[in-house]
Amino acid sequence: MALGRSLFIFFNHALWRAAHALFQLPAENAYLLFKYAVIMECPLAVIACWTLARDLTRSLQAAAIAALLVATSPAYVIYSGQVMTEIPSLLLTALALILHLRGLRTGRVWMMLMGAALLGLGVNVREPVAFYAPWLLIAPFVCGPKTEQQRNIFFLIVAPCLVFLVCAFGPFILWFWTNAYGFRESWYGWRESMLMESSRHPVRAANVLPFLLYFFLAAPHVFLSLPFAFLKEWRERRIFSCLLMMGALGLWANVLLIFNYSTVVNWRYFLTGLPALAPLAGAWLLGWRREKLSHDTRRAFMQIVVTLMLSTVGLGIYAQVMSREFAEMRRLTRDYSARLALVPSDAVLIAGGQTVTVTYYRGIGMGRWEVIGTGGGWPGPALVPTIERYLQQGRRVFLDRDARWWSVCGWPLEETRAISTLESHFRFRRVSETIFEIRPMNDVTANDQPDLQSLLPENRPVDTKKCTRARRWIRDEK
């Protein structure tokens, strides 16, 4: 990652160390500890978003709606139980904004500095938190006491900015300089992978459509409310209010995502601006329904709550149906160690969609496998020379040709096509139903046929129905 996300990584590492020392938690179950930690943070993040919205809107009902908009957003629901940085970063961001805002309004410098510190530390959990840095520069002029702006300019702006910079970049510099746990080599490896990924998904004008689609899918109610919410707040205040400024900052944080290649392949990044966008959307929804119901705040509030609940239940039913295949894949990932037991512990593996699983089991000490990876680690046109180099070094190379690991959709299709050509360059020896050892052409004892052509989209009609790109590719080939 850009700054390594060291706070997230080493917090989890310390958490496991403590659990291992106290309860003898084995390494292979460490992910469960991290998963439960994220789950415990979920209600705290919602409470923090409610508190921020209450401070901005000064309305309990609008704050409750804002918190519900966060809690019921599809991206929040899906990633609330996964060992990823979304929920921890959202929690830190909301806490940082609360502390800084309250410090501004009450004149408590220590609270402002603590908020700036938390915001900086949040950058080491997830880098897009840095997009909230303009808050430290603009908020004193919009949300702070007007009489204090000139007299305490250092404590209002300069000091928080300095604290933010130290906390945002200090941990990365420290870990990079000390190279603890091989941090520097890992960071360089990530950077190389990022360059390969960015070349695969270039930033271009055509990205605007998937950008808007993912923005909508991440939090539909917030997305649809934003144009009306911004317009209404501006018309009523005729000034750049604190609530309007916070919403603009959240929109700014999400809009900047369009300049990163990841935005067109993953919707979870749009949780970045949600803590700042939800208060404005919640205030507008409450005001809009109140006007429609003759200023009956209670009825308006209940209607919005019921609507959000019903839409969430509907989404949950749909997600339950759609997630069955996802859950099955996770079960296969959990049981993949049985396949790894069939190959030498120092082998080189080509496992497609299970590449991360191999590196995970290697990371917890079950083996010393190397991988010819997927995505950013894929060698592209150098696939055959890469395999040949390993064979010349005396390394044993294995391929898991299970069709479930080789997609016919999106960019992985290129990797599937490359795998299908290996039979013309190498011989194969069967290890199991799906695992084959790759041997040089001069090894006459390796006579098994992996039938790699069956991985191609034209031979997998059921799978291609799920993917328009694969169907288009077949049509072009014909």
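Which residues are exposed on the other side of H16? The answer is Val356 and Gly363; point 4 sets them in context.

1. Basis and overall form. The structure under review is a predicted model. The protein contains 20 helices and five strands. Its C-alpha trace spans about 85 × 50 × 45 Å along the principal axes. Of the 478 residues, 46% are buried. Among contacts with a separation of 6 or more, 67% are accounted for by residues 24 or more positions apart. The protein exposes about 23,900 Å², and carbon and sulfur atoms supply 63% of that area.

2. The sheet. The five strands form an open sheet with mixed pairing, in the order S2-S1-S3-S5-S4. Strand S2 (370–371) and strand S4 (427–430) are its edge strands, each pairing on one side only. Strand S5 (residues 435–439) runs antiparallel to S4 and is joined to S4 by four bridges. A hairpin of four residues connects S4 to S5. Strand S3 (residues 397–400) also pairs with S5 in the antiparallel sense, again over four bridges.

3. Strand S5 in detail. Individual pairings can be followed on the model. Arginine 429 has glutamate 437 in S5 as its bridge partner. Isoleucine 438 in S5 is the bridge partner of valine 397, and phenylalanine 428 also stands opposite isoleucine 438. Four of the five residues of S5 are buried, so this strand is largely enclosed by the rest of the structure.

4. Helix H16. This helix covers residues 355–363, and Thr355, Thr357, Val358 and Tyr361 are buried within it. Seen down the axis of H16, the buried residues fall within an arc of 165 degrees, so they line one face of the helix. Val356 and Gly363 are exposed on the other side. Glycine 365 follows H16 and has a positive phi, near 90 degrees.

5. The nonpolar surface patch. Helix H8 (residues 153–178) contributes the largest share, ten residues. Tryptophan 177 belongs to H8. Its relative accessibility is 68%, and tryptophan 177 therefore counts as exposed, the cut-off being over 50%. A colleague inspecting the surface may wish to view this patch together with helix H8.

6. Threonine 93 is located in helix H5 (residues 86–106). With a relative accessibility of 3%, threonine 93 counts as buried. Leaving out residues up to four places away in sequence, threonine 93 touches Val129 and Tyr132. Threonine 386 is located in helix H17 (residues 383–392). Its relative accessibility is 11%, and threonine 386 counts as buried because the cut-off is under 20%. Apart from neighbours within four places in sequence, threonine 386 is in contact with Ile372 and Pro379.

7. Positive phi at glutamine 24. Most residues other than glycine have a negative phi. Glutamine 24, a residue other than glycine, has a positive phi near 55 degrees. This glutamine is placed in the loop between helix H1 (6–23) and helix H2 (30–57). Its relative accessible area is 57%, and glutamine 24 is therefore exposed.

8. Positive phi at arginine 58. Arginine 58, also a residue other than glycine, has a positive phi near 55 degrees. The loop between H2 and helix H3 (60–71) holds arginine 58. With a relative accessible area of 65%, arginine 58 is exposed.

Technical notes
Residues numbered from 1 in each chain as written. Predicted model: local features only at pLDDT ≥ 70, side-chain atom pairs only at ≥ 80, totals over all residues. Heavy atoms only, no water. Helix = DSSP H or I, 4+ residues; strand = E, 2+ residues; numbered from the N terminus. Buried < 20%, exposed > 50% of the residue type's maximum accessible area, 1.4 Å probe, protein only. Pairing = 2+ DSSP bridges. Arc of directions from axis to C-beta. Contact = heavy atoms within 4.5 Å. Areas by Shrake-Rupley, 256 points an atom, 1.4 Å probe, with all protein chains shown as cover.
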